[in-house]
Amino acid sequence: MNIYWWHFLLIFFVSYLIGNINFAILITKCMKTDIRKMGSGNPGTINMVRNFGIKIGALTLILDCLKGFLPSLIGFLLAGTAGLYTAGLGVIIGHIYPAVYKFKGGKGIASTLGIFLVAQPVLTVVL
């Protein structure tokens, strides 16, 4: 299968949209509250742990890692290493600058961890 430039554009765009999903905000909306108005105001794992406990924080961490892992894995399967990094970049930019939240997102640490698990799984687990 030939890979063209527009394949990478499509991989990036879809990954960016996936990166726009903020699980901390979605989880707290199900609880009828907003994590951005609690604690540090950051919609991330640490703020979720501080305000809702380790189980909810772990759920947020796992979902954010999967958000980086799955698009990167699919990008790798479709277009090799370049597809992995294109998808990873899209997810991270989408997480940090989400269009659906007025370009104010998280720090991207957990999503980056998911990307690293695809790129260098053994090294990531060791570190």
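**View 1. Residues lining the largest pocket.** The lining of the largest pocket divides into five nonpolar, nine polar and three charged residues. The model shown here is predicted. The largest pocket has a volume of about 300 Å³. Its lining is made of 17 residues, and the closest to the pocket centre are Asn42, Gly44, Thr45, Ile46 and Ile109. Helix α3 provides the largest share, with four residues.

**View 2. The largest nonpolar core.** Seven residues form this core: Ala24, Ile25, Ile27, Ile35, Met48, Ile56 and Tyr101. Helix α2 (residues 23–30) supplies the largest share, three residues. In soluble globular proteins, nonpolar side chains tend to be buried together.

**View 3. The surroundings of Ile35.** Ile35 belongs to the largest nonpolar core. Leaving aside residues up to four places away in sequence, Ile35 touches Ala24, Ile25, Thr28, Gly41, Asn42, Pro43, Asn47, Met48, Asn51 and Phe52. Among these contacts, Ala24, Ile25 and Met48 are also listed in the core.

**View 4. Helix α1.** This helix covers residues 5–19, which makes 15 residues. From first C-alpha to last, α1 reaches 21 Å, close to the 21 Å expected at 1.5 Å a residue. Which residues of α1 are buried? They are His7, Ile11, Ser15, Tyr16 and Gly19. An α-helix has 3.6 residues a turn, so residues three or four places apart point the same way. Helix α4 (54–96) is part of what covers the buried residues of α1.

Notes
Residues are numbered from 1 along each chain as its sequence is written. This is a predicted model: local features need pLDDT of at least 70, side-chain atom pairs count only at pLDDT 80 or more; totals for chains, interfaces and linings use all residues. Side-chain values use heavy atoms; hydrogens and water are left out. Helices (H or I, at least four residues) and strands (E, at least two) are DSSP runs, numbered from the N terminus. The expected span of a helix is 1.5 Å times one less than its number of residues. Buried means under 20% relative accessible area, exposed over 50%, partly exposed in between (1.4 Å probe, protein chains only). Contact means heavy atoms within 4.5 Å. A nonpolar core is a set of buried Ala, Val, Leu, Ile, Met, Phe, Trp, Tyr and Cys residues joined through side-chain atoms within 4.5 Å. On a 1 Å grid over the protein atoms alone, a cavity is a set of points where a 1.4 Å probe fits but cannot get out, and a pocket is an open set with protein on both sides within 12 Å along at least five of seven lines; lining residues have an atom within 4 Å of a point. Grid points are joined across faces, edges and corners, and a volume is the space filled by probe spheres set on the points. Ala, Val, Leu, Ile, Met, Phe, Trp, Tyr, Cys and Pro count as nonpolar, Asp, Glu, Lys and Arg as charged, and the others, Gly among them, as polar.
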